[in-house]
Amino acid sequence: MQKNIFDVHDKVIIVTGGMGQLGRQFTRSLCEAGAKVAVFDVKIEKQLFEHYFGTYVQSDRVMDQVVDITRRSSIEAGLRQVIQRWGVPSGLINNAAIDAPPDAPVEENGPFEMYPEQSFDRIMEVNVKGIVLCCQVIGGQMAKEGRGSIINICSIYGIVSPDQRIYEYRRKTGMLFYKPVAYSVSKSALLNLSRYLATYWAEKNIRVNTLTFAGVFNNQDKEFLKEYCTHVPLGRMAREDEYNGAIQFLLSDASSYMTGSNLVIDGGWTAW
Ligand SMILES: NC(=O)c1ccc[n+]([C@@H]2O[C@H](COP(=O)([O-])OP(=O)(O)OC[C@H]3O[C@@H](n4cnc5c(N)ncnc54)[C@H](O)[C@@H]3O)[C@@H](O)[C@H]2O)c1
């Protein structure tokens, strides 16, 4: 029989932000494919965890760890639990991130000139420092084992600027709305973090890649959807399960010659 090059069976994988919209998808689809997944999230409600992943708890394919990725000691404690139960992970998905929600106070989503320094620091702390710490602690352990794959999750807004014209419909109603700067800056930092670590850890057999997504449908308001979708050659936002294949690709032997790269899945957003 032909070998399945996408095989992730019994691989131990950490998904940061595993309780979020996409983290849940990655966790479920990897468990379905036979991997063992540790969900690291700053907030885990037991009932919700059971609701999302109950089936896989029973088959010991998933575990939960309350981890704040901005604190090294918290990541170390989570990793210790994973190693004790399943051994050193061979996959790390740096998925946890924060952004200002569209209904945040005006300072958060206002003009660049007014963007608060504290908000910038808060976003950079989670989206950049948090990922660097996860790479140091978890990637460092993987390097000692001499194998692994790290995926840093980026956004189209990390490779091109947000198109502020999309939000014109909000400004027309008198809101001072601009997609803020910090998220974009934080996401673009990951591109070079991946390249840096890909070369640094190449001899340790650790591959490090960036995976870039466009927006995912999440019941956004109608006007936003209309504006956003005219920017997408495929004419729609992503479904939340449409990135799972790329995750499995990057964690498996199917991508064994790929490191320091950026895989873009954006419905064609950056193609025109
Ligand atoms: N959803 C989209 O439209 C979209 C588009 C492009 C890129 N992305 C990227 O995909 C990834 C997942 O996005 P999502 O929409 O699922 O986000 P989400 O907000 O639904 O989930 C993020 C998760 O990260 C967790 N988290 C936040 N701070 C943390 C911390 N300090 N330590 C540990 N966990 C923490 C949250 O509790 C949450 O469960 C992010 O990196 C995001 O930037 C998302």
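The structure is a predicted model, in which local features need pLDDT of at least 70 and side-chain atom pairs count only at pLDDT 80 or more, while totals for chains, interfaces and linings use all residues. Residues are numbered from 1 along each chain as its sequence is written, and side-chain values use heavy atoms, with hydrogens and water left out.

Helices (H or I, at least four residues) and strands (E, at least two) are DSSP runs numbered from the N terminus. Helix 3, which spans residues 72-86, packs against helix 4, residues 117-145, at an angle of about 35°, and their axes lie 10 Å apart; here axes are lines fitted to C-alpha atoms, for helices over the stretch in contact, and angles run from 0 to 180 degrees between N-to-C directions. The crossing of helix 3 over helix 4 is right-handed, a term used if the near helix is turned clockwise from the far one by less than a right angle, with anticlockwise giving a left-handed crossing. On the side of helix 3 the contact (heavy atoms within 4.5 Å) is made by Arg-72, Ile-75, Glu-76, Leu-79 and Ile-83, and on the side of helix 4 by Gly-130, Leu-133, Cys-134, Gln-136, Val-137, Ile-138 and Gln-141. Divided by class, this contact comprises 7 nonpolar, 3 polar and 2 charged residues, where Ala, Val, Leu, Ile, Met, Phe, Trp, Tyr, Cys and Pro count as nonpolar, Asp, Glu, Lys and Arg as charged, and the others, Gly among them, as polar.

A volume is the space filled by probe spheres set on the points, which are joined across faces, edges and corners. The largest pocket has a volume of about 1,300 Å³, and among its 44 lining residues Gln-21, Ala-97, Asp-99, Tyr-183 and Asn-218 are the closest to its centre. Elements giving two or more residues to this lining include helix 1 (21-32), strand 2 (36-41) and helix 7 (181-200). The lining of the largest pocket divides into 26 nonpolar, 11 polar and 7 charged residues. The second largest pocket holds about 170 Å³, and its lining, which includes Lys-11, Arg-147, Asn-205 and Asp-253, has 1 nonpolar, 6 polar and 4 charged residues.

Asn-109, placed in the loop between strand 4 (91-94) and helix 4, is buried at a relative accessible area of 3%; buried means under 20%, exposed over 50% and partly exposed in between, with a 1.4 Å probe and protein chains only. Beyond its neighbours within four places in sequence, Asn-109 is in contact with residues including Pro-101, Asp-103, Phe-177 and Tyr-178. Ala-254, in the loop between helix 9 (244-251) and strand 7 (262-265), is partly exposed at 23% relative accessibility. Its C-alpha atom is separated by 8.6 Å from that of Asn-4, 250 residues apart along the chain, and, not counting residues up to four places away in sequence, Ala-254 touches Ile-5, Phe-6 and Phe-249.

Asp-10, in the segment before strand 1 (12-16), has a positive phi near 65° and is partly exposed at 42%. Asp-60, in the loop between helix 2 (46-58) and strand 3 (62-66), has a positive phi near 55° and is partly exposed at 28%.

Conventions
1 Å grid on protein atoms, 1.4 Å probe; cavity = no way out; pocket = protein on both sides within 12 Å on 5 of 7 lines; lining within 4 Å.
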